[in-house]
Amino acid sequence: MQKPSGPREKIIPEGDDRERLSCPDCGYIRYDNPKVVVGVVATWEDRYLMCRRAINPRKGFWTLPAGFMEIGETSAAGAAREAYEEARADLSLDRLLCLYDLPHISQLQLLYRATLNSPDVSCGPESLDVGLFHWEDIPWDDIAFPTVHWALHHHRDAIGQDVFPPFGNPPGASARMGNDDTATS
């Protein structure tokens, strides 16, 4: 008996409208779907929590605590986990701040508005440095990804609002983004 060798042929499965990799031996169809990134825009008083990346892509640049959602967790739990993993942050989530569609890199990003329960933060294994920055001191020229800029500005736009719909991609922003500097993990 020959051992199946996995998905290797592109076919359009019955009832589908696009090519998928399929295994001709067993009929398995591999569905590749977008990745979900979750994170936070967290503040302590009037300062923003940011992390300097210790990993690629964009190692050495500043970002918000965020990363890929894990199987079996809610987006909120994933956002809190990422904040702890990257900045050892103890925080309280408020509400979904923004939802960014990034089809060119197959990502959906959900960032929550959060408040730190303590200013005590420190580097996790994916961070070279962490800091709490006043708005004017944010290292704007060293931001890792366009979505970090968007989320910080959307957070600022929502200050003082208890209820608001989640922000989305700024008009025309997706078309301006390149493939090299937009992924996150």
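**View 1. Leu 99 stands opposite Leu 110 of strand β9.** This is a predicted model, in which local features need pLDDT of at least 70, side-chain atom pairs count only at pLDDT 80 or more, and totals for chains, interfaces and linings use all residues. Residues are numbered from 1 along each chain as its sequence is written, and side-chain values use heavy atoms, without hydrogens and water. Strands β8 (residues 91–102) and β9 (residues 107–116) run antiparallel, joined by 10 bridges. Two strands pair if DSSP finds at least two bridges between them. Helices (H or I, at least four residues) and strands (E, at least two) are DSSP runs, numbered from the N terminus.

**View 2. Ser 106 lies in the hairpin of β8 and β9.** Four residues sit between the strands. Ser 106 takes a positive phi near 55 degrees.

**View 3. Thr 147 is found in helix α2 (residues 146–158).** Thr 147 is buried, at 6% relative accessible area. Buried means under 20%, exposed over 50%, and partly exposed in between (1.4 Å probe, protein chains only). Leaving out residues up to four places away in sequence, Thr 147 touches Tyr 100, Leu 102 and Gln 109; contact means heavy atoms within 4.5 Å.

**View 4. The structure holds zero disulfides.** Cys 26 is in none; the nearest cysteine sulfur, that of Cys 23, is 3.7 Å away. A disulfide is a pair of cysteine sulfur atoms within 2.5 Å. Cys 26 is exposed, at 52% relative accessibility. Cys 51 is also in no disulfide, with the nearest cysteine sulfur, that of Cys 123, 7.8 Å away. Cys 51 is buried, with a relative accessible area of 1%.
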